[in-house]
There are 2 protein chains.
Amino acid sequence: MEYPSIIKLSGERIIIDYCLNGSCDEAKSMARNICLEQTVEFPEEFIPEGVIRDQIVGKLESLESISPRRFLAKISYAVECSGSELTQLLNLVFGNSSIKPGIRVERLELPGSLYRLFHGPRFGRKGLRDLLGIPERPLLCTALKPMGLSPRQLADLAYQFALAGIDMIKDDHGLADQPFAPFRERVELCAAAVSKANQETGRKCIYIPNITSPAHLIMNRARYAKQAGAGGLLISPGLVGMDIIRELAEDDGLALPIISHPAFQGSFVIHPDHGISHFALFGQLVRLAGADATIFPNYGGRFSFSRDECQNIVAGTTVAMGPLKPIFPAPGGGMNLQRIPDMLEVYQRDVIFLIGGGLHQHGPDLIENCRYFLHMVSGL
Amino acid sequence: MEYPSIIKLSGERIIIDYCLNGSCDEAKSMARNICLEQTVEFPEEFIPEGVIRDQIVGKLESLESISPRRFLAKISYAVECSGSELTQLLNLVFGNSSIKPGIRVERLELPGSLYRLFHGPRFGRKGLRDLLGIPERPLLCTALKPMGLSPRQLADLAYQFALAGIDMIKDDHGLADQPFAPFRERVELCAAAVSKANQETGRKCIYIPNITSPAHLIMNRARYAKQAGAGGLLISPGLVGMDIIRELAEDDGLALPIISHPAFQGSFVIHPDHGISHFALFGQLVRLAGADATIFPNYGGRFSFSRDECQNIVAGTTVAMGPLKPIFPAPGGGMNLQRIPDMLEVYQRDVIFLIGGGLHQHGPDLIENCRYFLHMVSGL
């Protein structure tokens with residue numbers, strides 16, 4: 001190609017660990033392909049000499065064998081390729097390579113300049129604890145469900161949960177703006193119910209409505225929720241894009257904790273030889289975007305994550321990422337109260353226990369069940 | 001649960017075909033779990049009697065064996081559960097079930113009321129042909145690349161492509177707002193270059209910039225592009241959410257063709273026993289959202305889609321979906337000019353041939369290569 005490279009770059013590099021599945025020769029070839037695919041997407045022989053060939057094309061920094069058919073490739077990219085935007089950063093890391101088998105993003109290592117652009121969570125673990133007035137023990141969260149209840153019925157549930165000592169009460173992630181529980185009415189009634197309970201208990205329980213919604217409505221719903229007294233925001237980045245979390249987290253008018261829900265993201269992690277690792281997706285990326293807590297399916301529930309995979313998520317919520325605050329892991333998904341002692345071994349105290357249906361199952365009295373839930377974690 | 005169902009529903013149902021991988025007993029259990037997981041997420045014994053149990057919970061309409069370990073489940077949901085929103089519709093179809101192995105969404109069948117809400121593509125195949133003034137033959141598309149070129153260099157390329165007879169010139173999907181090719185400067189120069197070429201040739205080539213960008217900037221970039229003379233918009237819904245396509249397609253001030261790019265969506269289709277089918281994802285869903293063309297990796301290129309999978313996408317672009325217009329399949333990804341005769345057999349005339357790097361490889365003269373590209377499809 002006759003076009004000379006006329007640009008200048010800083011030399012700062014983003015480093016991505018990819019796990020490549022195949023023989024050693026296949027892994028070498030896959031690594032080289034990633035370097036091209038994620039950047040120039042151009043036949044190698046036509047790449048212009050100079051900066052484009054030397055710095056824009058991804059660089060294979062190292063390739064190590066993990067097992068005979070599994071290799072760890074460290075590939076670096078010029079930070080400028082990310083264009084200072086989370087959307088393009090995600091594209092650079094895994095855009096087209098998501099369409100190829102055998103490639104898994106394991107870990108991100110970002111240069112300092114990106115942390116001047118991406119501030120991550122506004123609250124993080126400590127900020128959320130301060131907000132709730134709970135300095136040390138695990139946090140208790142439940143969900144308003146089932147879908148089909150009216151706003152009044154949901155608010156009544158929220159009131160009982162708040163009265164009984166739950167710290168965080170979120171909408172079930174399937175509550176949107178359905179005719180049987182319209183967003184505005186639901187949010188108003190539930191926020192008021194939780195506020196009333198707080199006045200009676202002196203506690204600081206927060207209501208967290210689901211604002212996952214059509215693109216043009218998300219910020220409106222977030223603002224409406226804030227105004228109505230919501231204490232946090234639930235969003236599913238798999239449905240609306242990871243960058244929405246950033247927009248919400250950066251909004252000084254909102255300044256609410258953001259809880260990320262994994263709906264529609266499962267395909268990234270479900271096959272161990274493809275996609276994005278639990279550590280990187282539910283830990284690093286959700287945190288980089290700015291969520292204060294990351295919901296994921298606990299091991300041993302009705303989903304398939306292993307204990308190891310859950311521990312990897314926890315690691316991703318707290319691994320050094322420049323100045324980014326650590327965030328809360330929030331394991332849920334078919335949990336019940338009997339699981340808590342074992343979960344405490346895995347998650348320690350810095351965890352949000354998310355128990356939905358299981359809280360109804362424990363015994364006939366919902367309020368008693370909540371109190372027992374609180375009792376189990378008190379004094380920790 | 002003591003809450004009575006007090007709501008009334010229309011009786012209209014959304015029907016989703018899921019392919020379930022496992023034994024017959026496992027498939028039955030998986031199907032029942034999907035009915036609960038995608039709606040109430042609640043222990044079965046506590047689901048309130050009445051409308052919630054009878055209509056809100058998904059219904060298994062049929063379960064057929066495809067092979068000894070593969071079953072097709074038709075599951076229906078009350079249309080109200082989708083809340084009239086594409087985001088919640090996607091969540092209803094596959095939100096939490098994406099986190100379970102062995103489940104693949106094969107096909108969507110929507111009731112008429114949803115087609116009064118979702119209008120799909122503004123242009124579709126015929127509208128795009130009218131816009132380009134090409135009534136019958138395959139459309140020719142190429143991409144401006146490689147990343148690292150300056151706006152002036154990219155515009156120079158665009159000029160050459162347009163002069164030589166290419167119909168659609170898109171940004172490479174990795175061009176965002178990088179310092180070496182800032183969005184505004186790039187769009188202005190490339191749009192002007194294509195316009196200049198059109199004045200010389202009398203043709204109607206369009207420039208299609210990539211507007212995939214942070215959530216708060218997408219609509220601004222789209223409007224800027226329109227104003228600068230862009231003739232279409234390229235967006236990657238895997239990075240920014242499928243609903244953005246709807247917002248773009250519905251905007252009467254824009255009224256530009258929308259081209260969907262598959263970056264970051266590969267994990268949904270890469271494993272045949274999980275995710276979303278090629279037909280549903282790159283065909284039905286992209287079209288429902290409102291894209292006028294769907295880019296995907298062609299069989300036999302540097303990606304792994306099979307010829308069958310590509311044909312399934314084509315089927316999804318044209319299958320009956322209420323009043324939705326059929327859209328263009330746009331196979332690309334490591335294509336070259338030698339492949340065209342075989343591709344014509346698969347795609348027929350209603351196709352956008354997307355050839356990027358291969359257009360540079362064909363011969364030493366880029367303009368000659370484009371002319372040969374045009375020659376191969378002329379008269380079809």
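Contact here means heavy atoms within 4.5 Å, and helices (H or I, at least four residues) and strands (E, at least two) are DSSP runs, numbered from the N terminus. With those two ideas in hand, welcome to a short tour of a predicted model. In chain B, for example, helix α6(B) meets α7(B) through residues including Leu154(B), Ala158(B), Leu189(B) and Val194(B).

Because this is a predicted model, local features need pLDDT of at least 70 and side-chain atom pairs count only at pLDDT 80 or more, while totals for chains, interfaces and linings use all residues. Residues are numbered from 1 along each chain as its sequence is written, chains are lettered from A and ligands numbered from 1 in the order in which they are written, and side-chain values use heavy atoms, with hydrogens and water left out.

**How the two chains meet**

- On chain B, 86 residues are in contact with 86 residues of chain A.
- Between them, the chains bury about 7,500 Å², and 64% of that is on carbon and sulfur atoms.
- Buried area is the accessible area (1.4 Å probe) that two parts lose on being put together, summed over both.
- Three residues, Tyr3(B), Ile99(B) and Phe264(B), supply 10% of the area that chain B buries against chain A, more than any other three residues.

**Strands in chain A**

- Two strands pair if DSSP finds at least two bridges between them.
- An open sheet of 4 strands runs in the order β8-β9-β11-β12 (chain A), with parallel pairing.
- Which strands stand at the edges of this sheet? They are β8 (233–235) and β12 (328–332) of chain A; each has a single partner strand, so one side of each is left without a neighbour in the sheet.
- From one strand to the next, the twist averages 25°.
- Within this sheet, β9 (residues 258–260) of chain A is joined to β11 (residues 293–297) of chain A by 2 bridges, and the two run parallel.
- Look for Ser260(A), which stands opposite Thr294(A) in β11(A).
- Elsewhere, β2 (residues 59–67) and β3 (residues 70–78) of chain A pair in the antiparallel sense over 7 bridges, and a hairpin joins β2(A) to β3(A) through 2 residues.
- Leu63(A) has Ala73(A) in β3(A) as its bridge partner.
- A handy general point is that in a regular strand the side chains alternate between the two faces of the sheet.

**Helices that pack together**

- Axes are lines fitted to C-alpha atoms, for helices over the stretch in contact, and angles run from 0 to 180 degrees between N-to-C directions.
- Angles under 35 degrees count as roughly parallel, over 145 as roughly antiparallel, 65 to 115 as roughly perpendicular and the rest as oblique.
- A crossing is left-handed if the near helix is turned anticlockwise from the far one by less than a right angle, and right-handed if clockwise.
- For class, Ala, Val, Leu, Ile, Met, Phe, Trp, Tyr, Cys and Pro count as nonpolar, Asp, Glu, Lys and Arg as charged, and the others, Gly among them, as polar.
- In chain A, α6 (residues 151–163) and α15 (residues 366–377) pack at an angle of about 40°, with axes 8 Å apart, which makes α6(A) oblique to α15(A).
- Their crossing is right-handed, and the residues that meet include Leu157(A) and Phe161(A) in α6(A) and Ile367(A) and Cys370(A) in α15(A).
- The residues of that contact of α6(A) with α15(A) divide into 6 nonpolar, 1 polar and 1 charged.
- Also in chain A, the axes of α11 (residues 278–289) and α12 (residues 307–318) come within 7 Å and cross at roughly 25°, so α11(A) and α12(A) are roughly parallel to each other.
- The crossing of α11(A) and α12(A) is right-handed, and among the contact residues are Phe282(A) of α11(A) and Ile313(A) of α12(A).
- By class, this contact of α11(A) with α12(A) has 4 nonpolar, 7 polar and 2 charged residues.
- Back in chain B, the axes of α6(B) and α7 (residues 183–201) come within 8 Å and cross at roughly 25°, so α6(B) and α7(B) are roughly parallel to each other.
- α6(B) passes α7(B) in a right-handed crossing, and the residues of their contact divide into 12 nonpolar, 1 polar and 5 charged.

**Backbone features to look for**

- Most residues other than glycine have a negative phi, and most peptide bonds are trans.
- Lys145(A) and Pro146(A) are joined by a cis peptide bond, with omega about 5°; Pro146(A) lies in the loop between β5 (139–144) and α6 of chain A.
- In chain B, a cis peptide bond joins Lys145(B) and Pro146(B), with omega about 5°.
- Glu41(A) has a positive phi, near 45°, and lies in the loop between α1 (24–37) and α2 (51–56) of chain A.
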